[in-house]
Amino acid sequence: MKEVWVQAKPFVMDCFGLDRAENAIILEGSFWEAHAYAGTLQDAFTEDGLDAFRMNTTRPEDQQHVARTHRHHLQKLDVESIRSMLQETARMLVARARHNGELQGKLSSAIDITKGNPWTGEIEWTDDDHPEDDYILGYKDKETQEIDYHFQWATIQIVGLDVPLVLDAIPVHRGMPRDEIVDELLGGALGIVPDLDLVMMDREFDGDDVRAACEEHGVHYLTPGKKNASERATCTRLRKARKRVHVETQQTISGPGRKEIYLPARNTDVFEKAGEDPEDDEEDKEENRDEVRQELVADFVNVTSDDPDEVDGAAWFDDVLDDVREDKDELPGSEEDAAAYAFFKTNHPAFDTSDDDTEEELLATARGFIARYSNRWGIENGYKQIKQFRVRTTSKEHEYRYFNFAFACVLYNVWRLVDLLVKLALEDDPDYSPRVQATTFLTLAGKHIGFDPPD
C-alpha cells in the first residue's frame, strides 16, 4: 500500500499551488500533506487535523505549520484556481486509468448536487428575509418542517461500468439556474474526457434550458420527467388503451430529436384495473363532459348580449367542449395511472424507432436503455465517501469550504485509482466494487503521508 500511495501522491502534490512569497520557509508540499492528513481523520476540523499531522509527520519541525497559517494561505485561493487544480488532477488520473485500459469508449456520467454539514452559525438577514450570503441555502425539513441551512456543491462524475471519478465540481449559489450548472460542469468535464456520451440527472434538472445546454455540448441526456396534468392524462390514455410503452418524438433543427418515453413503472402492472367495459368508459366520458359543461355555464352565467339571438349559449359551450376533446383527446389523468408508468426524457438515438417496431421490441429497447439510469446512484454513493475525506470548518467563507470539498474529491479520486491499481495487480478480470475500502485507504494513507518522494 505504501508503494501505491507513493505513486498516487504526486497526483495531489503536483497539481495544487499557493500564491506565496518566494522566500517562504515552509515548503508548499507541507500544506497539501497536512490537508490530506486532516482528510484521513473523519469529521476532523482544521485545528485537530493540523495538530495530529505535526505529531505524526516525518517532516522536520521547521517544515511544520499551525492551523492559523494553514487557513490563512488556503483562504486566499479563489474558486477559479481551486476548480482548475481539481480539473488538472482529474485529467492526470483519467490518463493513468486509460493507461491501464480503463475509461475506454463512450462514457456515462451523472450530475447532481450535494450538501455540506448543516450551517449552525449566525445568519445576517436583509429586509426581504433572505440571507446576505448567497451560498448558504435553506431547505425545509420534511419531518420537522424546520429550515436547515447548507453550503452546496454540484459535481459531474463518471458512473456505470467504469472507474467512478469526479471530473469537476462547482459551488452553488442562491438563484443559480440548473442549466447554468449543467453548462459549467459539461464544459469542464468535456475538457477532460471529450468522448463523454451520456449525462444522467434527476427530476430536479427536468427543464428545456437544461436539455438545450446538453445539446449545445453535443451530449446525450437522460432524466426522469415531471408528470404534470398533460403527462398524467397521457398515462390514463395509455392505460385505457392497454399500451405498455409509448415514445413521443419532438424533432429539433439539428441533432437528435427529443423523446418522451412512457413505460411500466417497476413492479407495476399497468393493466391492473384497466379492463373496464368500453361502454362504461363511454358513460364515464359523457358524465365527465356534463360536469365540465355545468362548470363552464356557471363561469359564464353573466354573459349577455343586446341581441338575444346572437349567442346560443348551450351550443357554444358544447362546441368548446367538442373542440377540447377533439384536439386533446384527454381524460383527466389520475395519480394512480401516473404511478403505473415511468416517464423519462432523452435525446439518445436508441429511440429513433420505425413504424415496423413491435411493442415488444420497443419495450425491450426502452427497458434496456432506462436500466442505465440506475447507474446514476453511483454519484450518491460517491458523495457518501467524499464526506469521509472532507475537512470540516466553521468558516463562513464559501471559497474555503469549496476548497475543502474539492480537495476531498481529489482524495476520493486517488482512492479510486489506488483501488483500481490494487485490483489489477491481484485479479485478472476485476469488477468495479471496491477491493480497498475507503476506511482502509484513509488509515494507510495517513500512515504514509510525509514519506518519500520528497518535494
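Q: Which residue in β7 is the bridge partner of Val 199?
A: Tyr 221 is that partner. This is a predicted model, where local features need pLDDT of at least 70, side-chain atom pairs count only at pLDDT 80 or more, and totals for chains, interfaces and linings use all residues. Residues are numbered from 1 along each chain as its sequence is written, and side-chain values use heavy atoms, with hydrogens and water left out.

Q: How does the chain cross from β6 to β7?
A: The path goes through helix α7, residues 208-216, and this β-α-β crossover is right-handed. Right-handed means that, with the strands pointing away from the viewer, the path from the first strand over the helix to the second runs clockwise. Helices (H or I, at least four residues) and strands (E, at least two) are DSSP runs, numbered from the N terminus.

Q: How many bridges join β6 to β7?
A: There are 3, and the two strands run parallel. Strands pair if DSSP finds at least two bridges between them.

Q: What stands opposite Val 199 of β6 in the pairing with β1?
A: Ser 109 does. Strand β1 (residues 107-115) and β6 run parallel, joined by 4 bridges.

Q: How many of the residues of β6 are buried?
A: 5 of its 5. Buried means under 20% relative accessible area, exposed over 50%, partly exposed in between (1.4 Å probe, protein chains only).

Q: New topic. What does β9 pair with?
A: Strand β8 (residues 246-250) pairs with β9 in the antiparallel sense over 5 bridges. Strand β10 (residues 341-346) also runs antiparallel to β9, with 6 bridges. In β10, Lys 345 is the bridge partner of Glu 260.

Q: Is His 246 buried or exposed?
A: His 246 is buried, at a relative accessible area of 19%. This residue sits in strand β8.

Q: What does the side chain of His 246 join up with?
A: A polar contact of 3.1 Å links it to the side chain of Glu 248. A polar contact is a pair of N or O atoms within 3.5 Å; within protein, one must be able to donate a hydrogen and the other to accept it, and residues adjacent in sequence count only if both atoms are side-chain atoms.

Q: And why is α14 called largely enclosed?
A: Because 25 of its 29 residues are buried.
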